[in-house]
Amino acid sequence: MKRPMKTKRRRLRSPAWTATLTWKSAVFLTAMCCTLAALLGVLVHTAVTRQTVSHAREKALDRLEVVTDAYEAGEPLPRGSGIDPPGLPASLRALAAGGERGTMVADGPHRPGDPDGRGGPAMWAAGPADGRALATWTDYSHSANTIAGLDRAIIGSSLLAIAATLVVGLFAVGRVTRRLHQTARVARRISAGDLDARVGDPRTARPVRGQDEVAIVSGALDTMASSLQRRLQTEQRFTADVAHELRTPLTGLSAAAELLPPGRPAELVRDRVRAMRSLTEDLLEISRLDARTEQADLAVHDLAPLVERVVRASGTETGVRVVRPARVETDRRRLERVIGNLVANAHHHGAPPVVVTVDGAVVSVRDHGAGFPAYLLEGGPQRFRTDGAGKGHGLGLTIAVGQATAIGARLEFAGPPDGGALARLTLPEYVRLDDGDSAGNPGGGGMGTS
């Protein structure tokens, strides 16, 4: 017996623009305006209708008095009145036959030329007359037309008021949302490293002037950015000053270490001096990268030979695989620094085999160790933080990221499904414009970059 297959119901997702403040404000303003217009319309319609009907009822009762006097005097009844006239509503006829007087709005008697056989709206008034109903009626069409015209005017003015309120409200909300979007753009620029970005809301420049909530948020963001910039600049200056101050004593210490007699103690001293010199140079490089004063010396290079040269210079057992050669416009010295740091990190913290793959303008460094730690995959490398017992100060990947940014490349870290660590460097590929002759543009000279 086959079981019916279960189908998953897809939930319909509303468009992204429906979540915006402008859309929500428009819906709120429209709902409030419609509710207010409906409430006012009902109140006006009820008040005017009650007044109109009351006036017509009084007029009909006054006319009934005249008709009753004529009936009791035996005089001919005025036009528009009679005993049990045709068209008299049954409920009003029963009320008059019971000895009471009353009024009612209903269709009037048949008039010549009415295609439906009914007269227009009329105000009926009836009273008792020897067990029958003495009735009179007055034309109510003018009052009905007045009420209908009033309803149309209420609807038209309500729609106009709703449209005007919606336009003005959206304009006001639009100004607020534009300021919020500007604040968000500045916040994204600051998070991307542009510490000079500021909102500069004019409402925050004059404390005497009243500030709204958006101006308060903008001012707080500018204050935070200024404070963050000062702290980072202080840290950068401290790092650079410490590195510069260490170079002089390290130079003397290195010279003194060379004068020590051969032996294990001398080797240990020289090894620590070399580590200190390397750390100092790394600190200086990081301080320059943080200051964003580095200028890339761009030139066109064949990527595959450059990668092979870096791997050979590393002195490690690293495989090189070229899937597709490419030419890139980059700073050779900085690119070699990035690839060298990635290869060194793979050997220090990973496990063999380590393979460097060149696929077009993408260079991938893959090892088969425990993989990158979770904090690095989530937020990128952190200074002076390493996992495992490998040597290093946690600055190699930080420098690689900074140098990749300086040459306009993108460095990403990932953990492959089958284990290990993968660092992928994407470079801007160099393209000759005259390579596109197949597109029907022969002889087109010139060069460019993508």
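Guide: What follows looks at one helix pair and then turns to a few other features. Please keep in mind that this is a predicted model, and that the values given here are computed from it. The pair consists of helix α7, residues 303-314, and helix α8, residues 332-349, which pack at an angle of about 55° with their axes 10 Å apart. Angles from 65 to 115 degrees count as roughly perpendicular and those under 35 degrees as roughly parallel, and α7 and α8 are therefore described as oblique to each other. Their crossing is right-handed. On the α7 side the contact is made by L303, L306, V307, R309, V310 and S314, while α8 contributes R332, L335, E336, I339, G340 and V343.

Just after α1, G74 takes a positive phi of about 75°.

The structure also holds 2 aromatic pairs. One of them joins W124 and W137, whose rings are tilted, with 5.1 Å from centre to centre and 45° between the planes. W124 lies in strand β3, residues 121-129, and W137 in strand β4, residues 132-139, so this pair ties together parts that are 13 residues apart in sequence.

Notes:
Residues numbered from 1 in each chain as written. Predicted model: local features only at pLDDT ≥ 70, side-chain atom pairs only at ≥ 80, totals over all residues. Heavy atoms only, no water. Axes fitted to C-alpha atoms, helices over the stretch in contact; angles between N-to-C directions. Helix = DSSP H or I, 4+ residues; strand = E, 2+ residues; numbered from the N terminus. Parallel < 35°, antiparallel > 145°, perpendicular 65-115°, else oblique. Left-handed = near helix turned anticlockwise from the far one by under 90°. Contact = heavy atoms within 4.5 Å. Phe/Tyr/Trp six-rings, centres within 6.5 Å; stacked < 30°, edge-to-face > 60°.
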